[in-house]
Amino acid sequence: MRTRDIPAAVSEAQGLRPEDRETVRALMELYQRKLARNTLRDRYYEMHQAPRDLGISVPPNLRRLEQVIGWPAKAVDALANRSQFDGYVSTDAAVDAALASVVASNGLKRRYRKAVKSELKHSCAFLAVTARDGAPVIGAYPATAAAALWSGSLDRIKAGMVVDRDRRARMGNRPTWVNVFTDDAVIALRMEGETRWRAEYLEHSMGRCLMEPMSHEATLERPFGTSRISRAVMNITDDAMRASMRSEVSAEFFTSPQKFLLGADKGALGDKSKWDAYIGNLFAIGKDKDGDVPQFGQLSQGTMQPHVDYMRSLAARFSGETDVPISELGVVSDNPSSAEAIYAAKEPLVVDAQNLNADNGEALAHAALMALAIKEGTTYAEQAARRLRICPKFRNPAMPSVVTQADAMLKDVQAVPWLAESDVLLEELGFSDDQIQRLRSDRDRARTRALLEAASLPRAAEAVRVGEGAA
């Protein structure tokens, strides 16, 4: 089956309701239209993309020299590493326990780390909340395996799709099964034979699409966001790979500086090649037939400095485009930076991470409400009507050192003493949920022991007085 025929074949699946055919076709066409560009960004991230050859400076026989620049991966990972999901908190203790169970059973912290990298690579990733044996299952899917249609009036996805591809196929994008999510059902589309598809409806009562987007830098015009591997990033990376290739070729030539020998006979080198004569320990040439001594000289050796300066310029452009500090791109200043300069260089990336956490926090909160609805057998609207304040927790994107954070929290406690009784203080100090739970247990045991000791002291004193009176 040809690639362009796949949307029509899927939308004509046996058992698919007429009102859903156009939605399925639109989702399949959108997915195929975006797949090539998303795959290209994957290649840049994985450093498998060769730069476009300009055919100017590098000799043809050296153009296959492989050069790898990991800057696109750095653009994604530098921001993703500062977005660390750490569970949920709410205003209800029972909800806290239920959401903690959902996070643990789905490995949601680990899954979020994977999803946020896909989000930054492709501009968006998707969370899908489904049920298995009555328990909520939160799945995460990249844009290379999913697509969605946005509703501006609803301000959410009106229909979404998850695809599994047969990567052994010639084009590498032939779907083998498709799940379409609508407001009232999950449509399971399965391939039967080469061209036939069958649809099965799995009804649900959520009242909304079960998919939620995680979008990087979404706008009104681009509700699914923009990629960190932008056109500018790809262009600069191409320039850097070509510059690295020119630098490598130049370094090979500069290894042996060009020398010349004037006034020597053609047979002066004997059986030696020019390279043998250059590297030989002893090289003697007699006078020519006219009695003149041949002149030996060496051309001035080229310098690598122009290549180094150009790479530094490209790194500065890349840093300006992505907010990744230039020191993380392999460009080191001769003068060590001060602590204030290092913090100032990282501040734009920290602001980016704060915005990313705020946007992804909303998606995670919607997913939590859907998970609660599945867990309690209600609808999304009923959960939303409870007015629960569900807040996803994220680690501090500034990632301060332990000493710096401890000093800051000490000053906060001195200004607001009751903060010492809050678990927020422990979270800000970098303790994990497991460590905080152990610290709570140790604190409770210490308090209990202190109360018992305090209660036993008056009884012991009374016993002493009674004994003295009897005596």
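Author: The largest pocket comes to a volume of about 780 Å³, where a pocket is an open set of points on a 1 Å grid over the protein atoms alone, with protein on both sides within 12 Å along at least five of seven lines, and a lining residue has an atom within 4 Å of a point. Grid points are joined across faces, edges and corners, and a volume is the space filled by probe spheres set on the points. This is a predicted model, in which local features need pLDDT of at least 70 and side-chain atom pairs count only at pLDDT 80 or more, while totals for chains, interfaces and linings use all residues. Residues are numbered from 1 along each chain as its sequence is written, and side-chain values use heavy atoms, with hydrogens and water left out.

Reader: Which residues of the lining lie nearest the centre of the largest pocket?

Author: The lining of the largest pocket comprises 30 residues. They divide into 11 nonpolar, nine polar and 10 charged, with Ala, Val, Leu, Ile, Met, Phe, Trp, Tyr, Cys and Pro counted as nonpolar, Asp, Glu, Lys and Arg as charged, and the others, Gly among them, as polar. Nearest the centre lie H122, S123, R222, G225 and T226.

Reader: Which element supplies the largest share of the lining of the largest pocket?

Author: Helices (H or I, at least four residues) and strands (E, at least two) are DSSP runs, numbered from the N terminus. At least two lining residues come from each of α2 (18–45), β2, β4 (146–151), α6 (231–255) and α8 (305–322). The largest share, six residues, is that of α2.

Reader: Which residues line the largest cavity?

Author: A cavity is a set of grid points where a 1.4 Å probe fits but cannot get out, and the count comes to one cavity of 30 Å³ or more. The largest cavity has a volume of about 40 Å³, and α2 and α6 each supply at least two residues of its lining. By class, this lining has five nonpolar, three polar and one charged residues. The residues concerned are R43, Y44, M47, Q49, Q67, V68, I69, T237 and M241.

Reader: What is the phi of M47, and is M47 buried or partly exposed?

Author: Most residues other than glycine have a negative phi. M47 lies in the loop between α2 and α3 (71–80), and its phi is positive, near 60 degrees. With a relative accessible area of 36%, where buried means under 20%, exposed over 50% and partly exposed in between (1.4 Å probe, protein chains only), M47 is partly exposed.

Reader: Is D133 buried or exposed?

Author: D133 is placed in the loop between β2 and β3, and although it is not a glycine, it has a positive phi of about 55 degrees. At 82% relative accessibility, D133 counts as exposed.

Reader: Which residue of β9 is the bridge partner of A128?

Author: Strand β2 (residues 124–132) pairs with β9 in the antiparallel sense over five bridges. In β9, the bridge partner of A128 is M211.

Reader: With which residues is N360 in contact, leaving aside its neighbours within four places in sequence?

Author: N360 is found in helix α9 (residues 339–376) and is buried, with a relative accessible area of 0%. Its contacts, leaving aside neighbours within four places in sequence, are Y112, V116, E119, M214 and S215.

Reader: How far apart in space are S90 and P392?

Author: S90 sits in the loop between β1 (85–89) and α4 (93–106) and is buried, at a relative accessible area of 16%. Leaving aside neighbours within four places in sequence, S90 is in contact with V95, D96, R389 and I390. S90 and P392 are 302 residues apart in sequence, and their C-alpha to C-alpha distance is 8.7 Å.

Technical notes:
Two strands pair if DSSP finds at least two bridges between them. Contact means heavy atoms within 4.5 Å.
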